[in-house]
Amino acid sequence: HYERPSVTVDMLLFGMSRDLKCLKVLLIKRNNHPYIDCYALPGGFVNITESAYTAACRELEEETGLKDIYMEQLYTMSQPDRDPRMRVIDIAYIALLPYDKAGEAKAGDDAKEALWFQITYENHKIKLQNKERNISIEYALIEKEFPNGVLKIKNYIPEQISEEALAFDHAQIILEGLMRLRNKVSYTDVAFNLVPREFTLPDLQKVYEVILGEELYKTNFRSKVKNKVVSLGKSGKPLSGNRKAALYQYCEE
């Protein structure tokens with residue numbers, strides 16, 4: 001009696017650049033229609049016997065070779081015209097990869113290639129750039145208000161301003177993910193998923209600064225994380241500086 005929409009999952013995989021100066025996202029080049037040869041988030045259809053989370057883990061491994069990393073559900077994309085093939089509802093996930101594992105990502109059977117794109121998020125614009133391939137994808141962020149009960153909620157809609165664009169509504173997913181990540185680092189320990197098991201405090205602080213888009217006072221930052229880290233009694237060279245610093249490990253309070 002009812003039409004049956006299909007369900008897909010997409011994974012928004014964040015990592016840090018090698019110099020810890022910016023956040024980056026993993027995109028795959030689509031091997032099939034629609035949007036063949038366009039860059040997109042890794043993802044695919046949910047099988048009839050799978051949960052959305054199981055499908056997300058499977059697709060992430062099939063398209064990038066990655067598994068056993070932090071992942072949480074982000075948003076449900078349900079605009080009726082978001083996929084030209086049929087009525088498709090998409091469940092998007094955020095995945096976080098420690099910066100020492102970025103080289104493990106590789107294109108799987110369903111993708112021509114997997115590339116890291118640096119993200120610049122400022123002045124009401126999002127720019128995704130892979131300098132090695134000279135690829136630049138850019139969107140202007142148009143502010144709109146949406147009524148929600150007695151409130152008016154402000155949100156941003158990405159509008160393509162570069163020649164190349166992402167497939168489907170993946171620009172909106174990236175925008176939602178950036179805002180979620182920026183919000184969550186203020187009250188959770190989620191940022192620790194972007195550093196290796198062993199890290200220096202200068203590098204950890206740099207990760208927080210990149211996500212929040214602002215510089216942090218060293219004393220205030222160390223006071224904030226002092227009960228969340230334990231010293232390993234050895235030192236290493238931070239990526240964000242030249243002088244050796246003590247190595248730490250995350251520990252739950």
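Two strands count as paired if DSSP finds at least two bridges between them. In this predicted model, that criterion gives an open sheet of 3 strands in the order β11-β13-β12, with antiparallel pairing. The edge strands are β11 (199-200) and β12 (229-236), each of which pairs on one side only. Strand β13 (residues 245-250) is joined to β12 in the antiparallel sense over 5 bridges. Within this pairing, S231 has Y248 of β13 as its bridge partner.

Strand β8 (residues 125-130) runs antiparallel to strand β9 (residues 135-148), and 6 bridges join them. In general, strands of a sheet pair through backbone hydrogen bonds, either parallel or antiparallel.

Both pairings of β9 are hairpins, and a residue with positive phi is found in each, as the table shows.

| Hairpin | Residues between the strands | Residue with positive phi | Phi |
|---|---|---|---|
| β8 and β9 | 4 residues | N134 | about 55° |
| β9 and β10 | 2 residues | G149 | near 65° |

**A nonpolar surface patch**

F146, V150, L151 and I153 make a nonpolar surface patch of about 400 Å². Of these residues, I153 lies in strand β10 (residues 151-160). Its relative accessible area is 36%, so I153 is classed as partly exposed, a class that lies between the limits of 20% and 50%.

In soluble globular proteins, nonpolar side chains tend to be buried together. The largest nonpolar core of this model holds 50 residues, among which F14 and L128 touch the most other members. Helix α3 (residues 201-212) supplies the largest share of this core, with 7 residues.

**The lysine at position 184**

K184 belongs to helix α2 (residues 170-184). Its relative accessible area is 15%, and K184 is therefore buried, since the cut-off for that class is under 20%. Which residues is K184 in contact with, leaving aside its neighbours within four places in sequence? The contacts of K184 are Y70, E72 and V190.

Methods
Residues are numbered from 1 along each chain as its sequence is written. This is a predicted model: local features need pLDDT of at least 70, side-chain atom pairs count only at pLDDT 80 or more; totals for chains, interfaces and linings use all residues. Side-chain values use heavy atoms; hydrogens and water are left out. Patches are made of residues with over 30% relative accessible area and no salt bridge: like charges are joined within 9 Å, nonpolar side chains (Val, Leu, Ile, Met, Phe, Trp, Tyr) within 5 Å. Accessible areas come from the Shrake-Rupley method with a 1.4 Å probe; for residues, only the protein chains shown count as cover. A salt bridge is a side-chain nitrogen of Lys or Arg within 4 Å of a carboxyl oxygen of Asp or Glu. Buried means under 20% relative accessible area, exposed over 50%, partly exposed in between (1.4 Å probe, protein chains only). Contact means heavy atoms within 4.5 Å. A nonpolar core is a set of buried Ala, Val, Leu, Ile, Met, Phe, Trp, Tyr and Cys residues joined through side-chain atoms within 4.5 Å.
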